[in-house]
Amino acid sequence: MAIEHFTRNGFSGSTRELARQIGASQPLLYRYFESKEALIDRVCKEVFQWRREWERQIADRSVPLIDRLHAVYVDYASVILREEWIRIFILAGLTREGLNNKYLSKLRNRIFLPVLAEVRIEFGIGEPRNAAELEAEINLIWSLHASIFYLGLRKWVYGLKVPADIEAAVRQQVDMFLYGAPQTMRKLRRECH
């Protein structure tokens with residue numbers, strides 16, 4: 001119920017109203033959560049699920065890279081393309097300084113960097129030679145993530161139609177990344193010579 005409350009009302013929604021909605025008193029709510037901040041932290045922990053399976057799938061070279069990325073991103077999309085995830089993530093970014101940074105740091109270290117490493121191995125591309133090359137590569141994978149996230153924005157923020165077959169749409173975005181990123185990564189290496 002707290003997730004729904006903050007999804008609908010934002011983090012400015014009152015704990016008094018939340019308590020009324022669940023049929024409890026505000027003091028009872030504070031018996032379980034020492035503060036509104038603690039309640040919000042719990043809501044975010046519940047909403048921003050992380051599956052360690054994604055990390056294992058990325059690293060499993062017994063499976064072709066395209067299949068690994070399809071599996072990871074289709075499942076990732078099933079987690080993030082929910083109304084509460086999209087709306088709370090946006091609200092957290094706008095009003096809860098630092099809250100999204102933890103999630104985004106995990107995304108960078110546990111998804112972005114490993115995926116880029118696997119792309120380099122798959123396509124015989126050397127390691128980035130400097131921080132600028134690495135950041136350019138990370139920007140490539142941000143484009144993939146942004147395209148998936150934007151499906152949720154279209155549906156849950158703008159009220160626009162999204163493809164009926166989300167899985168196919170996600171696979172298409174992965175394909176565009178996987179067949180475009182290696183060329184761009186090679187070009188980065190040539191430009192720095």
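**Notebook: charged pairs and ring pairs**

I began with E127, which forms a salt bridge with R120, the closest N and O atoms being 3.5 Å apart; I count a salt bridge where a side-chain nitrogen of Lys or Arg lies within 4 Å of a carboxyl oxygen of Asp or Glu. I am working on a predicted model, in which local features need pLDDT of at least 70 and side-chain atom pairs count only at pLDDT 80 or more, while totals for chains, interfaces and linings use all residues. I number residues from 1 along each chain as its sequence is written, and side-chain values use heavy atoms, with hydrogens and water left out.

I then looked up accessibility, taking buried as under 20% relative accessible area, exposed as over 50% and partly exposed as in between (1.4 Å probe, protein chains only). E127 is exposed at 56%, whereas R120 is buried at 4%.

I noted next that R129 and E133 meet through their side chains in a salt bridge, at 2.6 Å from N to O. R129 is partly exposed, with 41% relative accessible area, and E133 is buried at 1%.

For the structure I recorded 16 salt bridges. Among them is that of R68 with E118, whose closest N and O atoms are 3.0 Å apart. This pair links distant parts of the chain, since R68 sits in helix α6 (residues 65-80) and E118 in helix α8 (residues 99-123), 50 residues apart; I take helices as DSSP runs (H or I, at least four residues), numbered from the N terminus. Both R68 and E118 are buried.

I turned to the rings of Phe, Tyr and Trp (its six-membered ring), which pair if their centres lie within 6.5 Å, with planes under 30 degrees apart counted as stacked, over 60 as edge-to-face and the rest as tilted. The count comes to 14 aromatic pairs. W54 and Y76 have ring centres 5.2 Å apart and planes at 75 degrees, so I list the pair as edge-to-face. W54 lies in helix α5 (residues 52-59) and Y76 in helix α6, so the pair ties together parts 22 residues apart in sequence. W54 is buried at 0%, as is Y76 at 4%.

F112 and W142 are also edge-to-face, with centres 4.9 Å apart and planes at 80 degrees. F112 belongs to helix α8 and W142 to helix α9 (residues 131-156), 30 residues apart. F112 is buried at 1%, but W142 is partly exposed at 35%.

Technical notes:
Helices (H or I, at least four residues) and strands (E, at least two) are DSSP runs, numbered from the N terminus.
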